[in-house]
Amino acid sequence: MSATRRNLMEGMTPDAGWRELSPAAQVFGEGNSLFFNTGEWRTESPAWDAERCRQCLLCFPVCPDSSIPVAGGKRGGFDMEHCKGCGVCARVCPFGAISMTEHGREAAE
Amino acid sequence: MSRNDRMSGNEAVATAIRQINPDVIAAFPITPSTEIPQYISSFKANGLIDTEFVAVESEHSAMSACIGASAAGARAMTATSSAGMALMYELLYVAASDRLPIVMAAVNRALSGPININADHSDSMGARDSGWIQIYSENAQEAYDNMLMAHRIAEHPDVMLPVMVCQDGFITSHAVENIVIEDDGPVRGFIGSYSPEKYLLNPAESLGVGPYSVSVYYMEIKRQQFEAMNSARAVIAGVSEDFAAMTGRDYGMIEKYRMEGAELAVIVMGSAAGTGKAAVDRLRGSGVKAGLVKLRVFRPFPDAEIAEAMGGVRALGIMDRCDGFSACGGPLGAEARGALYGRAEGIKTVNYVYGLGGRDMRVEDFEALFAELARVRDGAESLRCRYHGVRE
């Protein structure tokens, strides 16, 4: 966590009184969506098959939550804390390397 | 220095805006405020101002553009009336809760229906709970003066709230009156430049304005707004004092007119206050102890000032140029009675709804109204609220 990001969170707690909160809840600093775990919203989860993946990188630019990390020209595993399970990546993958599973379905099957 | 001139209320307000020379104006034409953006366009075309004029496609967009500009750090203004203001309602709350010191020239006009273009206060009364400071003007001079004070009030660090300066459509906005116009230099010195502490176009600091606020934060943000509106009382008094030092024209939250020893009084806002004063003068001339209280500021509501002004008043008429359709009176009636409760009790009150859709409120109407108040003082039964000047 960078210094800016720490400052951003300081004081913005459920215990803070109205005088302590920033005026009109103004937010200072950037990149604060990192602290918002949109992964909790997921009802379907993507699974990445590294064997089938050809590293074409068509998937990462379409992810609305930047949940497909890319390093050294190759994608890695999903950031499940932020993936909302929209399934756009699975739809664009030409090699069937991404599959979506509905939560609860695993146990039922 | 100042000069004597003659102007309509719209021209007076446009002149104030020329002197203010704001960074951004976003406006959409609607009668009777149309002349204001029209004048501004001509000022811009003639090189008298360097304002960015945004000709938007609706009033919803006008207020949205003002919100964006103000959050970016600009001094932003607009002008509107009636249905135009109603189309802004959603954004008025955003401007106030985001604490953006936007200034609006509001030219009061009835709301539909029946469709009508003339004066009443239904439009700005619909925005009375939006968190905007509301200042009402009796005549063109006051509309001009209130506009010159608006930015100092809005942008004060203890306030940071939007301000609407209201004047009555046509009666004030289009009638040409004698007026004193201050010189540009002193006016600009009085208003000063705007340097917000936090703004979106500041490259040195990242900022987010208007975030989603869950229930654990929302109420604290509203409590901040309450504090700002309450602080506006002292700021309005201070700015008005500075303005009086510059111009000799002294304005309070309310104006007490011949209230010394008054037994009968009316509370009134806007242009009808001038008519009411003429009636009070006539009545005083024939020995009737009549007086008038004019509200200049409706938000924040001058509750203590109203109660203090009552003195020995025994019967009070509270004048609403708007029917809130509570079926028990208008908004001013409800709030003025609330102000008296526990402070100045025992006064008999009648809430009059008058002047809707531009219906004339003449000196004779006030005289008839004061005659009824005298009967009420002497024990006559009266409705708590009734329409005045309507055909039965």
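Guide: This is a predicted model.

Visitor: Which residues of helix 11 of chain B are buried?

Guide: A residue counts as buried if 20 or more other C-beta atoms lie within 10 Å of its own. In helix 11, residues 331-340, this applies to B:Pro331, B:Leu332, B:Gly333, B:Ala336 and B:Ala339. Among the elements of chain B that cover these buried residues are helix 5 (122-125), helix 10 (303-309) and strand 14 (315-320).

Visitor: In what order do the strands of the open sheet in chain B run?

Guide: The 7 strands follow the order 3-2-4-5-7-6-13, with mixed pairing. Strand 3 (52-55) and strand 13 (297-299) are the edge strands, each pairing on one side only. From one strand to the next, the twist averages 20°.

Visitor: What packs on the sheet?

Guide: Helix 2 (residues 35-45) of chain B does, touching strand 2, strand 3, strand 4 and strand 5 (103-108). The direction of helix 2 makes about 135° with that of strand 3.

Visitor: How many residues does each chain bring to the contact between chain B and chain A?

Guide: Chain B brings 18 residues and chain A brings 12 residues. Helix 8 (215-247) of chain B gives the most to the chain B side, with 6 residues. That side divides into 7 nonpolar, 5 polar and 6 charged residues.

Visitor: In which sense do strand 1 of chain A and strand 9 of chain B pair?

Guide: They pair in the antiparallel sense over 2 bridges, and A:Val27 stands opposite B:Gly208.

Technical notes
Residues are numbered from 1 along each chain as its sequence is written. Chains are lettered from A and ligands numbered from 1 in the order in which they are written. This is a predicted model: local features need pLDDT of at least 70, side-chain atom pairs count only at pLDDT 80 or more; totals for chains, interfaces and linings use all residues. A residue is buried if 20 or more other C-beta atoms lie within 10 Å of its own, exposed if 12 or fewer, and partly exposed in between; C-beta atoms are placed from the backbone. Helices (H or I, at least four residues) and strands (E, at least two) are DSSP runs, numbered from the N terminus. Two residues are in contact if their C-beta atoms, placed from the backbone, lie within 7 Å. Two strands pair if DSSP finds at least two bridges between them. Axes are lines fitted to C-alpha atoms, for helices over the stretch in contact, and angles run from 0 to 180 degrees between N-to-C directions. Ala, Val, Leu, Ile, Met, Phe, Trp, Tyr, Cys and Pro count as nonpolar, Asp, Glu, Lys and Arg as charged, and the others, Gly among them, as polar.
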